[in-house]
Each structure stands twice: as structure tokens, then as C-alpha cells.
Amino acid sequence: MADDLPDLIARIYDAALDHGLWDSVLNDLAGLFADGHASLYLLHESDTAETTAFEALAATSRWDQAFLDSYGQHYWRLNPWSERVLNRAVGEVTISDTLVPRPNLERTEFFSDWLRPQQLLSGVGGTFLRRGGVSAHVSVLHADPITEEETARLAEMMRRLLPHFARAAQIHQRLGDVVTQRDALETGLDRLSIGVILTDPTGRVSFSNRAAEGLLRAGTSLRVDQRGLLCASQPNETTKLRQLIAAASIVLDDPRMEPGGGLTLSDTGGGDQLAVLVAPVSRNRPLLSLTAPKAAIFIAAPTPANQLSQPELRRLYGLTLTEARIAGELAAGLSLKAIATRLDVSYETIRNHLKKIFLKTRTNRQSELVRLLLRNLPALGSRTAAE
């Protein structure tokens with residue numbers, strides 16, 4: 001059994017990187033016991049009179065699904081071990097009979113209607129993490145009989161595994177936090193009207209937001225070649241762009257170097273030139289990271305002010321649909337009379353709406369309102385991007 005532990009420990013850390021492997025880990029753990037059934041579970045301490053803890057199964061092995069369902073619906077409330085497990089110290093291993101003496105356990109509904117039908121009579125478990133009223137536990141239930149010597153050996157094995165479960169859980173949590181932060185960042189970048197592209201030092205694209213994706217698909221100013229490298233429509237502009245990307249990447253290693261720079265890119269489709277700014281991403285180099293982005297490319301695509309997103313104007317300032325449209329038209333440079341004509345309403349109606357817009361945006365004049373809207377253009381985005 002001891003020979004099996006290194007492989008099992010390695011699989012525990014594999015599961016930290018891929019949560020879909022936890023059930024497989026528990027299958028391997030359960031296989032070290034005769035008729036073993038393993039589970040990872042969380043206990044949430046409760047202040048209610050009905051229960052001392054709410055239980056959530058994180059992963060399981062070798063269980064009949066009908067029994068798992070009945071446990072989740074009813075029997076977890078009757079589990080006499082749960083309350084006692086709450087008092088178990090992190091790293092402590094316990095044998096089921098020491099938590100609840102066997103005669104007492106056999107008198108419970110939990111034993112007679114849930115454990116005994118599965119021929120699960122004893123168990124070994126341990127607590128490997130506790131934080132903020134939530135504790136994480138691993139247990140293996142198995143059939144009797146089992147000798148005291150075997151019980152002690154299984155308890156020692158569990159004791160050796162608990163620190164690895166704890167460390168794997170911490171790694172899993174840290175990775176989950178990073179993924180959450182990344183998703184939030186990508187969502188925020190997608191709402192910008194400016195394009196954002198992240199590359200490695202050679203110009204290989206690792207991320208592009210929605211605005212940049214549109215420019216890359218059009219391919220009239222910027223595109224990604226067959227090697228995955230960012231390039232411009234003109235060879236000389238591609239050379240300049242990659243020089244800036246390289247400079248922005250090198251500055252992370254040599255603070256004396258100038259970080260990136262700007263240039264304008266031609267549009268072969270007849271559109272306006274693109275203004276591009278290249279800047280370093282971070283001076284922090286992750287250890288052993290071969291794919292971390294080094295350069296960020298910001299692209300100011302020509303976006304008419306009248307493309308301000310009306311839904312975003314409404315959410316940001318609490319404007320009505322009509323007020324948001326009027327605000328957008330003002331930002332586009334239209335006069336009140338022109339807006340009245342376009343909306344087919346009277347000039348006084350537009351003026352009344354404008355007064356309400358002033359109140360909601362805390363501005364006092366048209367020029368002040370327009371400056372506010374144009375200043376927030378990158379955050380508000382274009383109509384096509386937000387809607």
C-alpha cells in the first residue's frame with residue numbers, strides 16, 4: 001500500500017490543475033480499502049437550530065447514484081458524524097468508531113437505512129482545510145471486519161495524504177481566483193471601444209478583445225498571418241510594429257530601454273488610418289512561463305461619437321431611451337434643432353429632455369455634457385460592441 005502513495009499523491013496534484021480528475025483520485029484512494037467508498041466534502045458551519053452544518057459533496061467515488069441522491073436530499077441531516085467532525089483539528093485523522101461508538105451509531109436511522117444497505121460499517125477520515133466557517137474533509141467508508149493493525153495502517157496512510165490534499169486545494173483555489181480575475185478582465189476589455197491585443201516579443205497574439213477581433217477579421221489595417229504573428233497591411237509598417245513590440249518586451253528585462261511607442265497604420269480598404277500604441281505589459285516575469293504576454297497593443301479605431309451605446313448611456317446615467325438617443329446625437333455634433341427634426345418632435349420637447357439629462361449627468365451646459373460623454377467614450381463603447 002505504501003508503494004501506491006507516490007502515484008496517488010501525484011494524481012492529487014493533477015486534480016488541483018484539472019478538477020475533473022478528483023473523482024478518479026477518489027477511486028484510487030477507495031481502491032486501497034476493501035470495498036472502499038471515498039468522498040471529498042465541505043461542511044459549512046450553521047447557526048440555525050435545525051442543523052450544526054450544511055454539507056456539500058465535492059467529489060465521490062464508487063457510490064450508487066441512488067444512495068448519493070438520497071443522502072443529498074435527506075440523510076446528510078441525520079449523519080451523526082458531521083457535528084463531531086466540525087471539532088476535528090486540521091490534519092487530524094479519526095476512525096468512525098471514535099467519533100460515534102458503534103452501539104450508538106447502530107441505533108440511528110442513518111445507519112439502518114443508509115449505511116447498512118450499502119454494507120458500509122466503518123470509516124477513516126481527516127480534515128485538511130478550514131477557513132471562514134467552511135472546512136474540507138476526505139473520508140473512506142468501508143465494510144467490516146478490519147483488524148486494529150489494518151485500521152492503524154489506513155489511518156497512517158490518511159495522515160500522510162492530508163497535507164497533499166490541503167496543498168492541492170490551495171493550488172486549486174489560487175488557480176480558480178486567477179481564472180475568475182482573467183474572465184473579469186476579458187469581459188471588461190471586451191466592453192472597450194478601443195482595440196486591445198496582447199502578444200509575445202515576436203508579435204504572436206495571445207489575446208485580442210472584441211474591438212480588436214473586428215479589426216483583425218477585416219484585415220485591412222491589421223491581421224494575423226499564418227504563423228500567428230501580428231502584421232500590418234504594408235511591409236514597412238509591419239517592420240515598425242514588430243520593432244515596437246520587441247522594444248516593449250525588452251524593456252521588461254532592461255529598464256534603460258524605451259518602452260514601445262506609437263505609429264499609424266494604413267487601411268487598404270480605404271478607411272481612416274489606425275492610431276496604434278505599443279506598451280509593455282508588466283515587469284514581473286512569471287517563473288518558467290514560456291507564453292506570458294510581453295507587449296500590449298492599443299488601437300484607437302475611428303469610432304463616430306454618434307455610435308455611443310445607448311444601453312450603456314442608460315445604465316451609466318439612468319437616462320431614458322429618448323434621453324440616451326438625444327445625448328448620443330449631441331455627442332455626434334448635432335444641434336438641438338437637427339435632433340428635433342430627426343426625432344420628429346418639437347424643439348421645446350428636446351430642450352425639456354436636455355434639462356433632465358443635465359440633472360442626471362450632473363452637468364449644466366451642452367459643451368460640458370459633450371465633454372463628459374466623449375471622455376467616457378472608451379468605457380461606453382460602440383453600439384455594435386455593447387448591443
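These legends walk through close-up views of one predicted model, a few residues at a time.

Residues count from 1 along each chain as its sequence is written, and side-chain values rest on heavy atoms, with hydrogens and water left out. Because the model is predicted, local features need pLDDT of at least 70 and side-chain atom pairs count only at pLDDT 80 or more, while totals for chains, interfaces and linings use all residues.

**View 1. The largest nonpolar core.** Start with the core, which has 33 residues. A nonpolar core here is a set of buried Ala, Val, Leu, Ile, Met, Phe, Trp, Tyr and Cys residues joined through side-chain atoms within 4.5 Å. Buried means under 20% relative accessible area, exposed means over 50%, and partly exposed is in between (1.4 Å probe, protein chains only). Look for Trp 22, Leu 29, Phe 128, Val 138, Leu 161 and Phe 165, the residues with the most contacts inside this core. Two or more residues each come from helix 1 (5–17), helix 2 (22–30), strand 1, strand 4, strand 5 and helix 8. Helix 8 gives the most, with 10 residues. As for the numbering, helices (H or I, at least four residues) and strands (E, at least two) are DSSP runs, counted from the N terminus.

**View 2. The largest pocket.** About 490 Å³ of space lies in this pocket. Pockets are found on a 1 Å grid over the protein atoms alone: a pocket is an open set of points, where a 1.4 Å probe fits, with protein on both sides within 12 Å along at least five of seven lines, and lining residues have an atom within 4 Å of a point. Grid points are joined across faces, edges and corners, and the volume is the space filled by probe spheres set on the points. Of the 18 lining residues, Leu 42, Leu 129, Ala 136, Ala 169 and Gln 173 lie nearest the centre. Strand 1 (37–45), strand 2 (53–60), strand 4 (122–131), strand 5 (134–142) and helix 8 (148–190) each give two or more residues to the lining. Helix 8 supplies the largest share, 5 residues. Sorted by class, the lining has 12 nonpolar, 4 polar and 2 charged residues. For that sorting, Ala, Val, Leu, Ile, Met, Phe, Trp, Tyr, Cys and Pro count as nonpolar, Asp, Glu, Lys and Arg as charged, and the others, Gly among them, as polar.

**View 3. The second largest pocket.** This one holds about 360 Å³ of space. Its lining includes Val 178, Arg 182, Glu 186, Phe 207 and Pro 293. Helix 8 and strand 7 (205–208) each contribute two or more lining residues, and helix 8 has the largest share, with 7 residues. By class, you'll find 8 nonpolar, 2 polar and 2 charged residues here.

**View 4. A salt-bridge network.** Asp 97, Arg 102 and Glu 106 are linked by salt bridges. A salt bridge is a side-chain nitrogen of Lys or Arg within 4 Å of a carboxyl oxygen of Asp or Glu, and the whole structure has 12 of them. Between Arg 102 and Asp 97, the closest N and O atoms are 3.5 Å apart; between Glu 106 and Arg 102, the N to O distance is 4.0 Å. Glu 106 and Arg 102 sit 4 residues apart in helix 6 (residues 102–106), which means about one helical turn separates them. Asp 97 is partly exposed, at 33% relative accessible area, and so is Glu 106, at 41%.

View 5. Glu 329 pairs with Arg 325, their closest N and O atoms being 3.9 Å apart. These two are also 4 residues apart, in helix 12 (residues 321–331), with about one helical turn between them. Glu 329 counts as buried at 7% relative accessibility, whereas Arg 325 is partly exposed at 34%.

**View 6. Helix 13 and its two sides.** Leu 336, Ile 339, Ala 340 and Leu 343 are buried in helix 13 (residues 336–343). Seen down the helix axis, these buried residues fall within an arc of 100°, so they line one face. That arc is taken from the directions from the helix axis to the C-beta atoms. Lys 337 and Thr 341 are exposed on the face turned away from the buried side. Just past the helix, Asp 344 has a positive phi of about 60°.
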